[in-house]
Amino acid sequence: MQFKTQNKVLIIALIIISNINCNRKTESMQFKTFVFSPFQENTFVLYDETKECIIVDAGNFNESENEQLDAFIKENELKVVELVNTHNHLDHVFGARYVVDTYGVKGACHPDDLYWIDNFTTAAEGYGLQIEKEAPKPEVMLNHGDVFKFGNAELEIIHVPGHSPGGIALYNKKEGLLFCGDILFHGSIGRTDLPGGNHDDLINGIKEKLFVLPIETRVFCGHGPETTIGYEKASNPFLR
Ligand SMILES: [Zn+2]
Ligand SMILES: [Zn+2]
């Protein structure tokens, strides 16, 4: 009898705890990852309980990928308030024209990466891709130290040149999440042989600006799987 009562108490306690956890979850920034285009680029939709969302790096490349993005936004009743480019390499802006036209956003990036937009169709031709429409030029400029806000969420802008001159990482301190484009990868770093690349800048930038974040920070890269600051600090062979 006593055992049963204890069980009841335990069950009630568990229900209360799980409810608290559920509530916490709805009050935090969440995200959805898509892998788009032949470049296997990671596109993210960041959103919170206000239903406002931003798209980070629209890599959607064809109609089917546009539809996947739209379906998620529609199903979750989200309102797209901005498109943020971690940098403007073509694989990260394939879908920028579609997103800007469909959702009426301005686009945002670091000013040092604007010049890539002018070279978008030429760069695509270099990969054997025929692209009819130019990529839209972002109108909102994000600089190091800026705080980008949407809904109740805040993203700190961390400028790390080297892969691309205007490469930025978006840091959500509250949830311990970092969206870093092609700056840092699981066990690797971004290539530095493209125009404007600089190996030393990239290494120093990662060490000085990203490796100072808490080790448990989850890192979401422009390609490949997620990692953490702690894991990369301990084992990334490029950053010893
Ligand atoms: Zn890149
Ligand atoms: Zn990329």
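These are my notebook entries on a predicted model of one chain.

**Ground rules.** I number residues from 1 along each chain as its sequence is written, and chains are lettered from A and ligands numbered from 1 in the order in which they are written. Because the model is predicted, local features need pLDDT of at least 70 and side-chain atom pairs count only at pLDDT 80 or more, while totals for chains, interfaces and linings use all residues.

**Overview.** I looked up the elements and found 8 helices and 14 strands. Helices (H or I, at least four residues) and strands (E, at least two) are DSSP runs, numbered from the N terminus. Next I checked burial. Of the 240 residues in the chain, 40% are buried. Buried means 20 or more other C-beta atoms within 10 Å of a residue's own, exposed means 12 or fewer, and partly exposed is in between, with C-beta atoms placed from the backbone. Then I turned to contacts, which are pairs with C-beta atoms, placed from the backbone, within 7 Å. Among those with a separation of 6 or more, 61% join residues 24 or more positions apart.

I followed S1 (residues 30–36) into S2 (residues 41–47). They pair in the antiparallel sense over 7 bridges; pairing takes at least two bridges found by DSSP. Threonine 33 has phenylalanine 44 of S2 as its bridge partner. The hairpin has 4 residues between its strands, and serine 37 there takes a positive phi near 70 degrees. Glutamine 40 lies in the loop between S1 and S2. Its phi is also positive, about 50 degrees, although glutamine 40 is not a glycine. Is glutamine 40 buried or exposed? It is exposed, because 12 other C-beta atoms lie within 10 Å.

**Aspartate 57.** I moved on to the loop between strand S3 (52–56) and helix H2 (63–75), where aspartate 57 is found. Aspartate 57 is not a glycine, yet its phi is positive, about 60 degrees. This residue counts as buried because it has 28 C-beta neighbours inside 10 Å.

**Helix H2.** I checked the span of H2. Its 13 residues reach 18 Å from first C-alpha to last, close to the 18 Å expected at 1.5 Å a residue. The expected span is 1.5 Å times one less than the number of residues. Which residues of H2 are buried? They are Glu65, Leu69 and Ile73. Seen down the axis of H2, these fall within an arc of 75 degrees, so they line one face of the helix. The arc is that of the directions from the helix axis to the C-beta atoms. Their cover includes S1, S2, S3 and strand S4 (79–84). The face turned away carries exposed residues Glu63, Ser64, Glu67, Ala71, Lys74 and Glu75. After H2 comes glutamate 77, with a positive phi near 50 degrees.

**Core.** I looked up the largest nonpolar core and found 57 residues in it. Such a core is a set of buried Ala, Val, Leu, Ile, Met, Phe, Trp, Tyr and Cys residues joined through C-beta atoms within 7 Å. Leu83, Ala169, Leu178 and Phe179 touch the most other members. Leaving out residues up to four places away in sequence, phenylalanine 179 touches Phe44, Val56, Thr86, Ala169, Leu170 and Phe220.

**Threonine 227.** My last stop was strand S14 (residues 227–228), which holds threonine 227. Threonine 227 counts as buried because 22 C-beta neighbours lie inside 10 Å. Beyond four places in sequence, threonine 227 touches His186, Val219 and Glu232. Glycine 187 is 40 residues from threonine 227 in sequence and 8.5 Å away in space, C-alpha to C-alpha.

Technical notes:
Two residues are in contact if their C-beta atoms, placed from the backbone, lie within 7 Å.
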